[in-house]
Amino acid sequence: MKPYSVLMVCLGNICRSPLAEGILRHHLPSTGFKVDSAGTSGYHINDSPDARSVKVAKKYGIDISDLKGRQFEVADFDRFDRIYVMDCANKSDVLHLARTSQDRDKVHLILDHIFPGENAEVPDPYYGEMRDFEAVYNMLNEACELIANELTTANKSVK
Ligand code: 4NP
């Protein structure tokens, strides 16, 4: 059985998307799902997540310290069932690489689960402070709880 797969995408793959990856994994059963993250840029390939993301995740019992940055690539449309982007720039960058309407349909703003149709964005905390990372954590946690509920009740792991 193929696990249902979700990819989290931001710009650098060191602040928001590794946090989203860790949080969603935390809310899903340990088997039946695959969760990964990537950046639209190649700025931080092979880098560890930002220390502030690691710290806020750890505060809530989630370890993301082993993750490594990578760049989003076209093949990710084949590897993943659903692709969550953090902001509208990420969405536009990912959609530019889509080849088909099937590819495009996989791409969603992650906060659409909380604020449907409002184009709400997870703000980039890179130039911010620890409190900005806390705010990002809280938004992502709320969204990931809803996503995990939807995926588990729909039993998407069995495809
Ligand atoms: P992220 O944040 O997209 O949430 O990982 C950023 C990290 C690094 C940079 C920009 C945003 N940067 O320009 O290096």
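Gln102 sits in helix H5 (residues 101–105); helices here are DSSP runs of H or I with at least four residues, strands are runs of E with at least two, and both are numbered from the N terminus. Gln102 is exposed, at 59% relative accessibility. Exposed means over 50% relative accessible area, buried means under 20%, and partly exposed lies in between (1.4 Å probe, protein chains only). Gln102 and Asp78 are 24 residues apart in sequence, and their C-alpha atoms are 9.9 Å apart in space.

This is a predicted model: local features need pLDDT of at least 70, side-chain atom pairs count only at pLDDT 80 or more, and totals for chains, interfaces and linings use all residues. Residues are numbered from 1 along each chain as its sequence is written, and side-chain values use heavy atoms, with hydrogens and water left out.

**Helix H2**

- Ser53, Val56 and Ala57 are the buried residues of H2.
- Seen down the axis of H2, these buried residues fall within an arc of 100 degrees, so they line one face of the helix. The arc is taken from the directions from the helix axis to the C-beta atoms.
- The face turned away from the buried side carries the exposed residues Ala51, Lys55, Lys58 and Lys59.

**Salt bridges**

- Side chains of opposite charge can pair when their charged atoms come close.
- A salt bridge here is a side-chain nitrogen of Lys or Arg within 4 Å of a carboxyl oxygen of Asp or Glu. By this rule the count is 13.
- Arg25 pairs with Glu21, with the closest N and O atoms 2.7 Å apart. Both residues belong to helix H1 (residues 16–27); because they are 4 residues apart, about one helical turn separates them.
- Arg25 is partly exposed, with a relative accessible area of 39%. Glu21 is buried, at 3%.
- Asp36 pairs with Arg70, and their closest N and O atoms are 3.1 Å apart. Asp36 lies in strand S2 (residues 33–39) and Arg70 in the loop between helix H2 (51–59) and helix H3 (76–79), so the pair ties together parts that are 34 residues apart in sequence.
- Asp36 is partly exposed at 23% relative accessibility. Arg70 is partly exposed at 21%.
- Lys59 and Glu134 meet through their side chains, N to O, at 2.5 Å. This pair links distant parts of the chain: Lys59 is in helix H2, Glu134 is in helix H6 (residues 130–153), and they are 75 residues apart.
- Lys59 is exposed at 55% relative accessibility. Glu134 is buried at 18%.
- Shared partners join Asp36, Arg70, Glu73, Asp76 and Arg79 into one network of salt bridges.

**The ligand**

- Residues around the ligand include Cys10, Leu11, Gly12, Tyr43, Asp124 and Tyr126.
- The shell has 6 nonpolar, 3 polar and 2 charged residues. Ala, Val, Leu, Ile, Met, Phe, Trp, Tyr, Cys and Pro count as nonpolar, Asp, Glu, Lys and Arg as charged, and the others, Gly among them, as polar.
- A backbone N or O atom of Asn13 lies 3.3 Å from a ligand oxygen. For Cys15, a backbone N or O atom lies 2.9 Å from a ligand oxygen.
- An N or O atom in the side chain of His44 is 2.8 Å from an oxygen atom of the ligand.
- Taken alone, the ligand exposes 350 Å², and the protein buries 91% of that. Such areas come from the Shrake-Rupley method with a 1.4 Å probe; for residues, only the protein chains shown count as cover.

Notes
A residue is near a molecule or strand if one of its heavy atoms lies within 4 Å of it. A polar contact is a pair of N or O atoms within 3.5 Å; within protein, one must be able to donate a hydrogen and the other to accept it, and residues adjacent in sequence count only if both atoms are side-chain atoms.
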